Amino acid sequence: MNRQLLILRHGKSDWSVGHGDIKRPLKTRGKRASQRMGLWLQQQALIPDYILSSPAARAKNTAKIVAEAMGLTVQQIHYRSQLYAANLRQLKNALALCPHHSKRVLLIGHNPELESLLVFLNKGSLAIPDCGKLLPTATLAVFDMPDDWNVLSKGCGKLLSITRPKDLLDSVEL
């Protein structure tokens with residue numbers, strides 16, 4: 001395994017605005033958590049060479065903030081309509097479209113779909129944290145993956161870590 005998949009759930013969104021679901025923006029808390037994750041990725045030398053994102057406003061904003069915090073440009077983000085309200089098959093199909101030369105892919109999207117992908121890729125069982133979610137907002141899962149983005153079978157990945165923004169509060173300075 002010489003590829004990595006970084007799965008990032010979008011930051012905390014603002015339900016108080018009167019927008020439809022796809023246009024719901026990030027809260028200030030979601031913006032801060034997204035920036036923290038981007039800085040942490042940069043500090044850990046986990047810079048992706050390909051970024052996939054849902055086109056929903058909260059995912060797009062997360063992608064932009066994370067990319068900029070890592071020193072990347074927004075032009076390096078690839079928005080895929082099938083990542084909004086995607087099922088597991090659609091997530092796998094979106095990953096299959098990644099360029100073959102991509103060694104580290106960052107996928108930004110939504111629950112419950114991302115949690116389904118995490119469970120599908122992982123070889124073993126996963127302990128559900130106290131919050132009840134494997135991927136709370138702005139949480140990142142890092143996987144070692146097989147050599148081909150087109151061949152993603154159940155249990156094909158090796159989960160290396162799950163990092164939550166609250167775990168980074170003291171270790172990452174804005």
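Leu 5 has Phe 143 as its bridge partner in strand S5. The model here is predicted, so to speak a computed picture: local features need pLDDT of at least 70, side-chain atom pairs count only at pLDDT 80 or more, and totals for chains, interfaces and linings use all residues. Residues are numbered from 1 along each chain as its sequence is written, and side-chain values use heavy atoms, with hydrogens and water left out.

**Strand S5 and its partners**
- Helices (H or I, at least four residues) and strands (E, at least two) are DSSP runs, numbered from the N terminus.
- S1 (residues 3-9) pairs with S5 in the antiparallel sense over six bridges; pairing takes at least two DSSP bridges between two strands.
- On S6 (residues 158-163), S5 has an antiparallel pairing over five bridges, and there Lys 158 is the bridge partner of Asp 144.

- Six of the six residues of S5 (residues 140-145) are buried, so the strand is largely enclosed by the rest of the structure.
- Buried means under 20% relative accessible area, exposed over 50%, and partly exposed in between (1.4 Å probe, protein chains only).
- Leu 140, Val 142 and Asp 144 point one way, Ala 141, Phe 143 and Met 145 the other way, and all are buried.

**Arg 24**
- Arg 24 sits in the loop between S1 and helix H1 (28-43), and counts as buried because its relative accessibility is 6%.
- Its side chain makes a 2.6 Å polar contact with that of Ser 13; such a contact is a pair of N or O atoms within 3.5 Å, where within protein one must be able to donate a hydrogen and the other to accept it, and residues adjacent in sequence count only if both atoms are side-chain atoms.
- Leaving out residues up to four places away in sequence, Arg 24 touches Ser 13, Asp 14, Trp 15, His 19, Ala 57 and Arg 58 (contact means heavy atoms within 4.5 Å).
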